[in-house]
Amino acid sequence: MGYLDNILFAILLILGFGYFYANIKKIVRNINLGADVNRKDNPKARLKNMALIALGQSKMVKRPVAGILHIIVYAGFIIINIELLEIIIDGLFGTHRVFASLGTTYDVLIGSFEILALLVLVAVSTFWTRRNIIRLKRFANKDLAGFPKNDANYILYFEVVLMSLFLLMNASDLHLQNIPGGFSHFIKAGSFPVSQFIEPLFNGVSSDFVMLLNELFWWLHIIGILIFMNYLYFSKHLHILLAFPNTYFADLNPKGQLDNLESVTNEVKMMMDPNADPYAAAPVNENAVPSKFGASDIQDLNWVQLMNAYTCTECGRCTSACPANITGKKLSPRKIMMATRDRIEEVGKNIDSNKGIFVPDNKSLLNDYITPEELWACTSCNACVEECPVNISPLSIIMDMRRYLVMEQSAAPTPINAMMTNIENNGAPWQYNQQDRLNWKNEN
Amino acid sequence: MSEVLIVPTMAEMLSQGKQPEVLFWVGCSGSFDDRAKKITKAFVRILNRANVSFAVLGTEESCSGDPAKRAGNEFLFQMQAMTNIEVLNAYEVKKIVTACPHCFNTLKNEYPELGGKYEVCHHTEFLKSLLDDGRLTIEGGQFKGKKITFHDPCYLGRANNVYEAPRDLIQKLDMELVEMKRSRANGLCCGAGGAQMFKDSEPGSKEINVERTEDALETKPDIIAAACPFCNTMMTDGIKNKEKEGEIKVLDIAELIANAQDL
């Protein structure tokens, strides 16, 4: 390679990482559109969650087939990326297999990358079959109609192309290494348990052409990786990065515990205090936007809920375990997360095109993306939360939106209103007198 | 059968200068629902038999606020919670037992932040501790060898990770416990939670309680055990829907223990 190659490579890297960085910044800004919530307590438990659930994939293997195949792809992704380091150094400095000096270690490394690459190809083919041939219910679900279905397949195709290029690159390299007396800079390095079977493809092809192909595979491989990295932001695949913060900042309380709204606590305390002077309330900052009870749009949700939406990879385990969805109701926890992300993106674009300020667009997460019918179908059973391999909580969003419907709009279904009136009047959800509460004692 | 249940109230206890070991939080279902009242009484019979010093709030008890909170009415929930906390704190309550997983969850997890800090346990946990301490013996009696399946209440299981206490009690009854395909953390909801108990379900292809009853029927049980008054109602309705009420009984764990010993 001449200098031109190195410069071209450097420019490519800068473009690839630069665009990626710009999009990451956008995601961070969008996540910060959410309200504050303190999730910095108990770092020990949080680290443990991240280590077990994100790094250790402990919740993935609850469904063993998908779980084990996923671990292969995940390990492949992480480990083969060590190879990326070599590619970057070679590219920038014009070296060739710079780590070859590691000797046997290098052979073991390259050999295990190859085996992993093959396993990834097998896993990805199985995933593709499950989605497109077997059509598992959660993948054939209408939530994924249109782009989400294609998106999932694009990711799989990407993996196939990247792994194939990696193996082809090695195979052509091996072919040149094997030329008696050596060829150009192709020193003997690495072990090739998989690509040795591809290598015969190059028999009878001129060595110069094989070298050209080798360079082509090398370039396409790195370009492919950069494209893949930049596709993440537009795809459902951000979980490969966000699974880590998402499990770290997830709710540590028992699943049954719903937060108590502090703004409500203050008001209820004042109502119940006989000495409180209702007019003595300290005048709050007049410019402050009056806080809303519950959530009707993404700005009312907290930042962890918004990060949840970006993290969701649309696997649909939540929806496949949701009692409402199983029995044909419109509610799908996965769709709640997808809708939330779509709305965040819409708000983000609005901000981008209005010089950093959100201009109201007469739309909201409620109604335009998520309907009350879906929200009222939830039994709060936590099956979706339990299922999520990366600790996303669709339930917390559903509950916050119900709060808005009830406390801001008084828009509960009629029987729910009756239930609440009963609690208010006689301390039970039914019309029984509180004075009769102990009658059971003497009944036979 | 005329029975004498000893059910002191906190007010009565206080007037005698006594503090019970535990407060039995009966809950709205346990107080008013005809089916759930049987569970309440079965539990009291066991408490009486084990000589547990307990008391109820009686007319001073009010809804925990759970259905209001899950329906989205945080105001009503906190009003209920703070009123209840005032009463509980006035009686200096330290420990609470309840047969309703919804009350259990709310009292245990959501009251502390509002000033109500108690040791809260579900009646299956409490019964298990009586058993472990040798204060209660359990025999299979009429249920010995019968086939039983246990439906995990969401607010006991997933919500609070209590899976073993009810199962340990069933084992003590010498019954054959057959798990449903969806059980423990994978258990399917009965359909009542999140205030669904009080409204019609949204349009769909099936009722949730029917789906869950089918899970239970697959195990060909003699008895479906529940540990929640709402689950009990939903499963009982499901069994009626399948016209199996002649063959299969839906019983609470407390009823199993009380009935096994003809209490």
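Mentor: What follows is about chain B and its domains.
This is a predicted model, in which local features need pLDDT of at least 70, side-chain atom pairs count only at pLDDT 80 or more, and totals for chains, interfaces and linings use all residues. Residues are numbered from 1 along each chain as its sequence is written, and chains are lettered from A and ligands numbered from 1 in the order in which they are written.

Trainee: Why is chain B called as compact as a globular protein of its length?
Mentor: The globule rule is 2.2 Å times the number of residues to the power 0.38, and the radius of gyration is taken over C-alpha atoms. For 263 residues the rule gives 18 Å, and the radius of gyration of chain B is 18 Å, so chain B is as compact as a globular protein of that length.

Trainee: What share of chain B counts as buried?
Mentor: A residue is buried if 20 or more other C-beta atoms, placed from the backbone, lie within 10 Å of its own. Of the 263 residues of chain B, 57% count as buried.

Trainee: Which domains does the assignment give for chain B?
Mentor: Bounds come from an automatic or database domain assignment. For chain B they are domain 1 (10-131) and domain 2 (139-260).

Trainee: How many residues of domain 1 of chain B are in contact with domain 2 of chain B?
Mentor: Two residues are in contact if their C-beta atoms, placed from the backbone, lie within 7 Å. In chain B, 28 residues of domain 1 are in contact with 27 residues of domain 2.

How values were computed:
Buried ≥ 20, exposed ≤ 12 C-beta atoms within 10 Å, placed from the backbone.
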